[in-house]
Amino acid sequence: SMPIGLFRDLFPGPLVMERDPSARQATPFADPDPLIMDMLQGMNGDIQETLLPLVHDTNKARTAPRSCDKDVQKHCGKERSQVHCLGQHQDDISDSCRKDISHSVPFLCSKAIDKFCDVLQVGVLDCLS
């Protein structure tokens, strides 16, 4: 089985939106990243049924790394997928941010996603496979 830490590295940030909109912060990674959510929805049903609840239960207050706040503000403030955007600017982000999100698919595959994927038409996993 996949270790929870590896799952968090591949899919950083929150996986659910806050139910109370007033509890949400206007900060980077305040909401789930749309490309990460697309990938999770495209996964095998068994993974969705067994792994995702386990991840939610072990980390109720899951947030994205605070190390990327300044980099997101500098490069990606209005981008839908902030993790993907940071991958587009990976040569100009802080070392601490790079370390914290360097294993995530939207970051690692940002160039391939830009080149080959129309994420509005086809899911990211389908496109990259």
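1. The disulfide between cysteine 68 and cysteine 97 is right-handed, because the torsion about its S-S bond is about 100°. The two sulfur atoms are 2.1 Å apart, and a disulfide here is a pair of cysteine sulfur atoms within 2.5 Å. Cysteine 68 lies in the loop between helix H3 (45–58) and H4, and cysteine 97 in helix H6, so the pair ties together parts that are 29 residues apart in sequence. Helices here are DSSP runs (H or I, at least four residues), numbered from the N terminus.

2. A note on the model: it is predicted, so local features need pLDDT of at least 70 and side-chain atom pairs count only at pLDDT 80 or more, while totals for chains, interfaces and linings use all residues. Residues are numbered from 1 along each chain as its sequence is written, and side-chain values use heavy atoms, with hydrogens and water left out.

3. How many disulfides does the structure hold? There are three. Cysteine 76 is joined to cysteine 85, S to S 2.0 Å, and this link is left-handed, with -85° about the S-S bond. Cysteine 76 and cysteine 85 are both buried.

4. Cysteine 117 and cysteine 127 form another disulfide, with sulfur atoms 2.0 Å apart. The torsion about their S-S bond is about -100°, so this disulfide is left-handed. Cysteine 117 is in the loop between helix H8 (110–116) and H9, and cysteine 127 is in helix H9, ten residues apart. Counting bonded cysteines along the chain, the pattern of the disulfides is 1-4, 2-3, 5-6.

5. Cysteine 109 is partly exposed, at 25% relative accessible area.

6. The salt bridges number three, a salt bridge being a side-chain nitrogen of Lys or Arg within 4 Å of a carboxyl oxygen of Asp or Glu. One of them pairs aspartate 69 with arginine 66 at 2.7 Å, N to O. Aspartate 69 is buried, with a relative accessible area of 17%, whereas arginine 66 is partly exposed at 43%.

7. Lysine 74 and aspartate 92 form a salt bridge, their closest N and O atoms 3.1 Å apart. Lysine 74 lies in helix H4 (residues 69–75) and aspartate 92 in the loop between helix H5 (82–88) and helix H6 (95–101), so this pair ties together parts that are 18 residues apart in sequence. Arginine 98 also forms a salt bridge, with aspartate 95, at 2.9 Å between the closest N and O atoms. Both residues lie in helix H6, three residues apart, about one turn of the helix.

8. The largest nonpolar core has 22 residues, and Phe11 and Leu86 have the most contacts inside it. Such a core is a set of buried Ala, Val, Leu, Ile, Met, Phe, Trp, Tyr and Cys residues joined through side-chain atoms within 4.5 Å. Helix H2 gives the most to this core, with four residues.

Definitions and conventions. Buried < 20%, exposed > 50% of the residue type's maximum accessible area, 1.4 Å probe, protein only. Helix = DSSP H or I, 4+ residues; strand = E, 2+ residues; numbered from the N terminus.
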